[in-house]
Amino acid sequence: MKKLLAAILCGAMVLSLAACGGGSESTASGTTSGGGAASGEAASGGSDTLRVINQQDPGTFDPAGVDDQSYFQVVRQIYEPLFKLNNDGTVENWLCEEYSYDDDTHLRVTLRDVQFSDGTPLTAEDVLWSLQRIRDETLPAISAIQGINFEECQVVDDKTLVIATDGPQATLLARLAYPGTGIASKAAHEAAGGDWLNGAAIGTGPYALKEYVAGDRTEYVANENYWREGEPKVPNLQMRHITDDTTRSTEAKALGADIIYNINSREIEAVDAVEGVHTIEELGTNTTYLMLNSKMAPLDDPAVREAITYAINVQQTVDLIYGDFGSAGSGMVAPGVLGYDETSFQEHYGHGYDPETAKQMLADAGYPDGIELTMLTDIGDSTRNDIAEAFQAQMAPAGITLNIVMLENVVLYNRVAQGDQHHMVLYGLTCSDFEADGLLNQILPGSSNSKMTGFDDPHFVELINIGASTMDRTEREQAWKDALNYLAEADVMIPVWHKALVAAVGDNVEGFELCRDYEEHYLQGVSLS
């Protein structure tokens, strides 16, 4: 099928591939003192180094510093949250040994007897500090702590913490599984003067930071104090950072690493044909959206935004670029996420591609000569860049001139954060807790991705708050549908593609699976034969 898809693509349109991004080379070192597995050889008797390739150079090791799945693949090896989400959506205790509710707004957490990688004990004060600084520093992970009332939180003793909330928080445990809420050592942070590249990156995770070479790789060594017996199974971890998905696919075919995340979807069949490597796929909870900045003219006019929905052909574009890998947008959130509503989606977007109607709508809105817009995309994601170029061609007959600006992910995020430097952006948002609030909390005013749309409608916020405080699952599902329906009516986010996850895995790799939630992918249980 993929060979046929390639042929269709070549015949239908010429789409460019993004170049691989680079960076200046600098190093940072972490404080380590050995590894949990025996040094020299892994517990499996194979290689002593697990080689992984992901798509993002972290730039920092602040656990809450960047809101991106590929970033979590880097920092989740160092830090751990209170809870863990499994692929079936169930919540598992992690650093939290046990919990109970004193009442609807007070969660009592008892911590495991765990040490940081520097040998110091994990305390309730470390947990409260790690969570509160997300709010105090307005870090990208802020969507995960929505509703926590830090003024009422209480450290009872070294191992007990009471987390207070402003009201009932139905998805609090799942949100506290977010890798951005990973717990760091307060003492190490203070001793290092807050420098995450030089001493502050101390967590309870399976690995400790050994060396970071900007633009190239991160080296880890096993945490000798790790609390899970027999893990990590491989004592050394090397994670190379390659932004371009086509280059990652080339590495997979050359057996350049044991695990390679997010290869180009058009290369899956070619990678599977190579001896010694295979691909694995998993349904994700992420959706790629065309985000429309409602604060920037002419998109501040709802009629113009509605015209955009007629000026793009989502189904054809996804069919050409992704084939049967994932699926075209069929709801405001991905299938399987609580709040998914295909019927409501069809009511808003079922009209399909109609550039003549779009052109007339623009004229009626006061733009008879058309409009010019700027779209931002991630330079390392060639498929999103292909989508952008397809939309560019489709918008032209409607009188829309689309300028595409390809940027490194971090640069793109910083530009979006300014609020007035983009009309549109292609970006993926994840319902990592398997409920619609995973998306909705990320676009609330003041949250990590709110500037992408600038949609700060008070009634929208009210609808989200209703869902967040509704403890009954059936009633909460309807509340999420109401909020998503209101979002769809505003035409600030057009769902384009429901994501599937893919990785190229060496045939000698055992114990690896893709994580559907935050795509952080646990490596401590992986062994090499």
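Reader: What does the chain average in pLDDT, and what share of the residues score at least 70?
Author: This is a predicted model, and its chain averages a pLDDT of 90, with 91% of the residues scoring at least 70.

Reader: Where does pLDDT stay under 50?
Author: It stays under 50 over residues 1–26, for which the model has 57 contacts beyond four places in sequence. Residues 31–45 also stay under 50, and for that stretch the model has 39 contacts beyond four places in sequence.

Reader: Okay, and which residues does UniProt list for a domain?
Author: The unreviewed UniProt entry lists residues 91–448 under "domain: Solute-binding protein family". In the model that span is 28% helix and 25% strand, and its end C-alpha atoms lie 24 Å apart.

Reader: I clicked on Ser447, so where is that, and is it buried or exposed?
Author: Ser447 sits in the loop between helix H14 (437–440) and helix H15 (450–453), and with a relative accessibility of 6% it counts as buried.

Reader: What is Ser447 in contact with, leaving aside its neighbours within four places in sequence?
Author: Ser447 is then in contact with Ile142, Gln146, Asn441 and Gln442. As for Leu444, its backbone oxygen lies 2.4 Å from a polar atom of the Ser447 side chain.

Reader: Switching to helices, how far apart are the ends of H12, and what should the helix span?
Author: Helix H12 covers residues 382–395, and at 1.5 Å a residue its 14 residues should span 20 Å, which agrees with the model because the end C-alpha atoms are 20 Å apart.

Reader: How many residues of H12 are buried?
Author: In H12, 12 of the 14 residues are buried, so the helix is largely enclosed by the rest of the structure. Among the buried ones are Arg384, Asp386 and Glu389, as well as Ile387, Phe391 and Met395.

Reader: Now the rings, how many aromatic pairs are there?
Author: The count comes to 15 aromatic pairs. One of them joins Phe61 and Tyr212, whose ring centres are 5.2 Å apart and whose planes are at 85°, so this pair is edge-to-face.

Reader: Where do Phe61 and Tyr212 lie in the chain?
Author: Phe61 lies in the loop between strand S2 (49–54) and helix H2 (69–75), while Tyr212 lies in strand S9 (residues 207–213), so the pair ties together parts that are 151 residues apart in sequence. Both Phe61 and Tyr212 are buried.

Reader: And what about the rings of Phe83 and Tyr99?
Author: Their centres are 5.6 Å apart with the planes at 85°, so the Phe83 and Tyr99 pair is edge-to-face. This pair links distant parts of the chain, with Phe83 in strand S3 (residues 83–85) and Tyr99 in strand S5 (residues 96–103), 16 residues apart. Phe83 counts as buried at 1% relative accessibility, whereas Tyr99 is partly exposed, with a relative accessible area of 37%.

Reader: Which residues do ring pairs link into a cluster?
Author: Tyr71, Phe72, Tyr178 and Tyr518 are linked into a cluster by ring pairs.

Reader: Last one, where is Arg76, and is it buried or exposed?
Author: Arg76 is in the loop between H2 and S3, and at 2% relative accessibility Arg76 counts as buried. Leaving aside its neighbours within four places in sequence, Arg76 is in contact with Pro81, Trp94, Pro206, Glu520 and Tyr522. Arg76 and Tyr207 are 131 residues apart in sequence, and their C-alpha atoms are 9.1 Å apart in space.

Key: Residues numbered from 1 in each chain as written. Predicted model: local features only at pLDDT ≥ 70, side-chain atom pairs only at ≥ 80, totals over all residues. Heavy atoms only, no water. UniProt positions renumbered as here; feature names shortened; annotations may be inferred. Helix = DSSP H or I, 4+ residues; strand = E, 2+ residues; numbered from the N terminus. Buried < 20%, exposed > 50% of the residue type's maximum accessible area, 1.4 Å probe, protein only. Polar contact = N/O pair within 3.5 Å; in protein donor to acceptor, adjacent residues only side chain to side chain. Contact = heavy atoms within 4.5 Å. pLDDT = per-residue confidence, 0-100. Expected span 1.5 Å × (residues − 1). Phe/Tyr/Trp six-rings, centres within 6.5 Å; stacked < 30°, edge-to-face > 60°.
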